[in-house]
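Subject: Handover of a structure and notes on it

Dear colleague,

Please find below the structure that I am handing over to you, followed by an account of what was found in it. I would be grateful if you read the notes with the structure open beside them.

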Amino acid sequence: MNALLLTNEYPPNVYGGAGVHVEYLSAALSRLMAVEVRCFGEQALSGQNPSVTGYGADRHRYTCPESLKPVFDAIERDLRFNTDGIAADVVHCHTWYTHLGGILAKLNYGIPLVVTVHSLEPLRPWKREQLGGGYDFSCWIEKTALEMADAVIAVSEGTRKDLERLFQIDPSRLHIIYNGIDPAVYRPIDPTAALRRHGIDPAMPYLLFVGRITRQKGIIHLVEAIRHFEPGFQVVLCAGAPDTPEIAAEMKQAVEAIQTEREGVFWIDSMVAREEVIELYSGASVFCCPSIYEPFGIINLEAMACETAVVGAHVGGIPEVVLDGETGLLVPLEEVDPVTYAPIDPARYARDLSRAINRLMSDEPLRTRMAKAGRKRVLEVFSWDSIAHQTHALYQRLQRT
């Protein structure tokens with residue numbers, strides 16, 4: 001059996017959890033079968049398993065509005081995914097950027113279509129800030145792909161419930177396969193080099209955030225929560241890749257304002273290399289995931305694998321990863337705007353985040369117990385080998401039907 005994986009992100013062009021997922025899934029699957037990856041970029045790794053081919057696009061010749069360029073860029077690459085002949089037995093798509101490519105492969109080459117859901121467009125209304133009218137296209141192509149796919153993989157029970165609520169998908173085609181982590185890569189290491197590089201005091205504890213600057217990740221709410229933090233610890237915001245110039249400006253203004261009120265607030269305004277992120281995870285006393293929408297939250301696994309306690313929002317798949325009171329603390333986010341999914345009372349959410357963070361930062365024995373329990377949970381539940389075997393078995397079932 002041969003599998004074709006279609007993805008926007010693939011190393012070295014990884015900026016989110018979906019890219020991490022495809023990187024490790026493709027490697028683990030390649031120990032069970034032949035795997036080909038077609039992705040956005042200039043990658044070219046032939047004669048090996050997995051084989052990887054990157055596809056570029058020339059946006060400079062586009063005369064459409066700037067917000068629409070990512071949409072037509074994706075369409076162009078999806079076409080090229082298919083004009084290069086496909087000999088695979090199954091096509092497996094990741095994120096809406098590749099869904100048209102998967103649809104074309106299913107219809108033209110007659111192979112089963114599998115879609116892994118890393119997030120859902122109807123639950124990310126803030127994407128209109130980034131894509132304009134292209135958001136209507138991303139919603140439409142996602143719905144079309146999901147409702148015609150031979151199998152839809154939800155990365156959490158929470159995501160499965162969202163799929164059942166929002167789309168017309170036969171329950172027999174819905175499957176839950178968690179995200180995973182490589183504990184040999186994400187492990188506690190010496191953080192000194194990264195801390196010195198960014199001027200962070202290694203003798204003082206710190207809270208860590210890692211993620212993109214987007215409404216989904218709740219970073220602005222965390223910055224507001226800093227006002228309610230107890231003294232005695234630092235705050236490290238490893239946040240880059242803003243969705244829009246507007247949210248980049250909002251983030252800059254918010255961080256600069258809080259830095260005038262509190263010492264020891266560091267903003268690393270770029271997406272740093274994996275080894276450096278692992279160093280930052282390893283040195284952190286607490287990791288915070290304040291997302292207002294998170295189908296799974298692979299960043300929480302990364303922190304737990306590095307033996308760091310987690311404070312996370314009680315949304316989406318996070319409660320399936322972070323066990324409240326055991327590997328971290330969960331903060332309720334029950335009242336949200338039904339259209340924007342933003343907290344109805346953002347000040348309350350910021351205060352709730354701060355209370356959970358203050359509790360752990362003031363209780364070293366508790367957070368140490370949670371850190372050890374988090375690493376143990378990663379080793380027992382979230383192995384990529386297990387996830388690859390589940391995915392391979394799903395492919396085999398599709399071949400028999």
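Helix α2 is mostly covered, since eleven of its 15 residues are buried (buried means under 20% relative accessible area, exposed over 50%, and partly exposed in between, with a 1.4 Å probe and protein chains only). Please note that this is a predicted model, in which local features need pLDDT of at least 70 and side-chain atom pairs count only at pLDDT 80 or more, while totals for chains, interfaces and linings use all residues. Residues are numbered from 1 along each chain as its sequence is written, and side-chain values use heavy atoms, with hydrogens and water left out. Helices (H or I, at least four residues) and strands (E, at least two) are DSSP runs, numbered from the N terminus.

The buried residues of α2 include Lys69, Pro70, Val71, Asp73 and Ala74. Also among them are Ile75, Glu76, Arg77, Asp78, Phe81 and Asn82. These buried residues pack against the strands β1 (2–7), β2 (34–40) and β4 (51–55), and against the helices α3 (99–109), α4 (128–131) and α5 (134–148). Contact here means heavy atoms within 4.5 Å.

**Two pairs of packed helices**

Two packed helices are described by the angle between their axes and the distance between the axes. Axes are lines fitted to C-alpha atoms, for helices over the stretch in contact, and angles run from 0 to 180 degrees between N-to-C directions.

Helices α3 and α5 pack at an angle of about 40°, and their axes are 9 Å apart. That angle makes α3 oblique to α5 (angles under 35 degrees count as roughly parallel, over 145 as roughly antiparallel, 65 to 115 as roughly perpendicular and the rest as oblique). On the α3 side, the contact is made by His99, Leu100, Ile103, Lys106 and Leu107. On the α5 side, Ile141, Glu142, Thr144, Ala145 and Met148 take part. By class, this contact has six nonpolar, two polar and two charged residues (Ala, Val, Leu, Ile, Met, Phe, Trp, Tyr, Cys and Pro count as nonpolar, Asp, Glu, Lys and Arg as charged, and the others, Gly among them, as polar).

The second pair is helix α13 (residues 346–361) and helix α14 (residues 364–381), whose axes come within 6 Å and cross at roughly 95°. These two helices are therefore roughly perpendicular to each other. Arg359, Leu360 and Met361 of α13 meet Glu364, Leu366, Arg367 and Met370 of α14. The residues of this contact divide into four nonpolar, no polar and three charged.

Helix α14 also holds Glu380, which counts as exposed because its relative accessibility is 54%. Glu380 is 174 residues from Tyr206 in sequence, and their C-alpha atoms are 28 Å apart in space.

**A buried histidine**

His221 belongs to helix α8 (residues 219–225). Is this residue buried or exposed? At 16% relative accessibility, His221 counts as buried. Leaving aside neighbours within four places in sequence, His221 is in contact with Ile292, Pro343, Pro346, Tyr349, Ala350 and Leu353.

**Backbone features in the loops**

Pro11 lies in the loop between β1 and α1 (17–29), and Pro12 lies in that loop too. The peptide bond from Pro11 to Pro12 is cis, with omega near 10°. Pro11 counts as partly exposed, at 25% relative accessibility. Not counting residues up to four places away in sequence, Pro11 touches Glu23 and Gln43. The C-alpha atoms of Pro11 and Gln43 are separated by 8.2 Å, although the two residues are 32 apart along the chain.

A cis peptide bond also joins Asn49 and Pro50, with omega about 0°. Pro50 is placed in the loop between β3 (44–45) and β4.

Ala241, in the loop between β10 (234–240) and α9 (245–261), has a phi near 50°, a positive value in a residue other than glycine. Glu307 has a positive phi of about 60° although it is not a glycine, and its place is in the loop between α11 (298–305) and β13 (309–314).

Yours sincerely
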